[in-house]
Amino acid sequence: MKRLLTSLCLTAGAQLCLAAPPAPATVKLTIDANQVQGPMTPIWAWFGYDEPNYTTAPNGKKLLSDIAALSPVPVYVRAHNLMTSGDGSYALKWGSTGMYSEDQDGKPVYNWTIIDQIFDTYVQRKMKPLAQIGFMPKALSQRPEPYQHHWQPGTPYKDIMTGWATPPNDYDKWAELIYQWVRHSVERYGREEVESWYWEVWNEPDGLYLIAPDTKLEYFKMYDYAADAVKRALPTARMGGPHTAGAGRFMDDFLQHALHGKNFATGKTGSPLDFVAFHAKGAPTVVNGVVRMGMGTHFQRLDDGYALVQKYPELKGIPVIIGESDPEGCAACGMQTNPENAYRNGTLYASYTAASIAREFDLAARRGVNLIGAVNWSFEFEDQPWYAGFRDLATNGVNKPVLNVFRMFGMMGGQRVAVGGDQAYDAVRIMAEGVRGARTDINALATRDGHSIAVMVWNYHDDDIIDAGAPVQLKLAGIPAQQVQLRHFRIDQEHSNSYSAWLRMGSPASPTAAQVGQLQQASELAQLGATRTLQTPGGQATLTLQLPRQAVSLFTLSY
């Protein structure tokens with residue numbers, strides 16, 4: 001169809017007429033609910049954070065309740081510092097439970113009070129720990145002083161690596177601590193509950209998190225002793241790793257060790273490995289004053305890990321967990337010290353999350369791996385300014401736009417179904433070059449269960465620019481009803497967006513109670529218009545929308 005161009009004319013002695021940019025062409029996508037692609041595994045229902053004591057803060061409890069409420073399945077939670085010594089006070093990239101100390105004779109003293117408060121908070125909300133065995137209690141540290149760091153954004157990241165980051169000075173005492181912790185968990189929560197958890201050792205031992213002359217050898221030993229202790233306490237517990245920062249030689253050697261190496265704890269061949277976990281991050285930058293995301297880097301790192309799992313026939317079908325799957329690496333680095341992180345408050349974080357999680361299914365299927373979870377390393381930070389640009393889901397108790405993407409995912413279940421049509425990008429192209437072209441990534445993820453069809457549509461680009469976007473047409477087929485109840489939800493500058501509401505208020509540093517109430521209202525997932533009855537003769541329907549750049553829509557068709 002021919003598009004009409006309007007003209008812009010400027011007068012300066014002679015008239016100069018410039019053609020205005022043509023209106024964007026309609027992006028046409030097709031959804032066939034009869035073509036099943038695979039299960040809608042809730043890989044999105046996994047969250048994590050460094051500071052475990054935020055769990056029991058009022059804002060932390062509120063956010064955990066909000067997360068639990070949006071998910072139809074139990075949410076898994078991963079936190080650092082569950083074994084770190086201290087009184088339970090929180091700080092950026094710090095937390096503690098004080099679960100282990102020693103008396104004057106060097107005998108172990110176990111204290112489960114704080115860890116119980118944390119895990120009780122999860123279990124009360126039907127959440128499940130991805131329980132991290134780390135970090136090293138002070139009494140077992142090889143270099144106990146200095147023990148607690150005092151890191152702040154803008155200072156070197158390596159400054160956090162203090163006495164908590166060493167292997168144990170006594171492997172038998174460390175293994176006994178782990179055994180007692182797992183046994184205590186079974187006594188408190190019941191065998192069936194703890195069997196549904198996952199247990200892991202440490203975090204990113206290939207990075208800065210483990211201080212040892214030979215970090216690889218030391219981690220393998222730590223893993224073997226920990227896995228043996230966990231399985232002695234609960235033989236049916238699920239144990240895995242290595243939660244490396246990236247998928248490289250360290251991870252490859254760990255898989256080889258777990259499958260075929262000599263176990264440091266038992267002397268036998270191999271070590272328990274019930275799941276494989278690694279991390280994958282993107283790499284945003286600032287280009288000419290505009291934040292540019294690095295989704296291609298994120299996808300390449302995901303694929304590197306999947307390829308290592310695929311390499312070993314013995315791991316066919318083993319559950320895979322992306323222990324941290326994020327646009328970049330430092331949740332506690334705000335936009336004041338890291339301007340490339342300015343994307344976190346607004347809708348770019350939302351559209352990135354929608355587009356990336358949808359493609360994680362494709363990347364995993366491409367390698368034939370059994371992806372069960374992708375941890376969003378994002379929670380909340382206490383005692384920080386409003387919208388300071390941390391990678392969090394809420395600020396001062398008010399949820400940010402990105403949380404509404406997870407609310408959308410929570411409304412999608414059953415089976416993933418086929419999406420086709422005018423797709424400018426797929427997972428492989430994004431992995432190779434990002435989303436950097438003249439066209440944005442307008443695409444969809446669609447699901448079908450026994451009573452509804454859901455279609456999530458996003459308009460994403462790596463560059464943090466907002467414009468009116470493009471018209472989108474969705475042609476649906478295979479609807480098993482002659483009419484449906486149609487609802488349309490939206491995240492954009494005007495909807496489901498507490499940050500935009502805060503900016504319209506003038507960015508108050510200390511919002512009044514009335515303003516906080518308005519922000520809370522703006523933070524909810526917004527429905528566009530009323531629910532309406534839609535006729536679907538022959539099981540078909542056509543939906544149209546104007547989708548702004550960096551916006552996300554969700555349609556639900558209930559029958």
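How many salt bridges does a search of the whole structure find? In this predicted model, the search finds 32 salt bridges.

## Salt bridges

Side chains of opposite charge can pair when their charged atoms come close. Aspartate 120 is buried, with a relative accessible area of 17%, whereas arginine 188, at 41% relative accessibility, counts as partly exposed.

A salt bridge also joins the side chains of lysine 158 and aspartate 159, at 3.9 Å, N to O. Here lysine 158 is exposed at 55% relative accessibility, and aspartate 159 is partly exposed, with a relative accessible area of 36%. Elsewhere, a network of salt bridges links Arg78, Glu200, Lys281, Glu324, Asp326, Glu328, Arg344 and Arg391.

The side chains of arginine 407 and glutamate 524 meet in a salt bridge at 3.8 Å, N to O. Arginine 407 belongs to helix H9 and glutamate 524 to the loop between H12 and E24, so the pair ties together parts that are 117 residues apart in sequence. Arginine 407 counts as buried at 13% relative accessibility, while glutamate 524, at 40%, counts as partly exposed.

Serine 523 is found in the loop between helix H12 (513–522) and strand E24 (526–527), and at 1% relative accessibility serine 523 counts as buried. A polar atom of its side chain lies 2.6 Å from the backbone oxygen of glutamine 520. When neighbours within four places in sequence are left aside, serine 523 is in contact with Val398, Asn399, Asn404, Arg407 and Ser498.

## Helix H1 and its cover

Helix H1 (residues 58–70) has 13 residues and reaches 19 Å from its first C-alpha to its last, close to the 18 Å expected at 1.5 Å a residue. Its buried residues are Gly60, Leu63, Leu64, Asp66, Ile67 and Leu70. Seen down the axis of H1, these buried residues fall within an arc of 160 degrees, so they line one face of the helix.

The face of H1 turned away from the buried side carries the exposed residues Pro58 and Ala69. What covers the buried residues of H1 includes strand E4 (46–49), helix H2 (113–124), strands E17 (394–395) and E18 (398–399), and helix H9 (401–409).

How values were computed:
Residues numbered from 1 in each chain as written. Predicted model: local features only at pLDDT ≥ 70, side-chain atom pairs only at ≥ 80, totals over all residues. Heavy atoms only, no water. Helix = DSSP H or I, 4+ residues; strand = E, 2+ residues; numbered from the N terminus. Expected span 1.5 Å × (residues − 1). Buried < 20%, exposed > 50% of the residue type's maximum accessible area, 1.4 Å probe, protein only. Arc of directions from axis to C-beta. Contact = heavy atoms within 4.5 Å. Polar contact = N/O pair within 3.5 Å; in protein donor to acceptor, adjacent residues only side chain to side chain. Salt bridge = Lys/Arg side-chain N within 4 Å of Asp/Glu carboxyl O.
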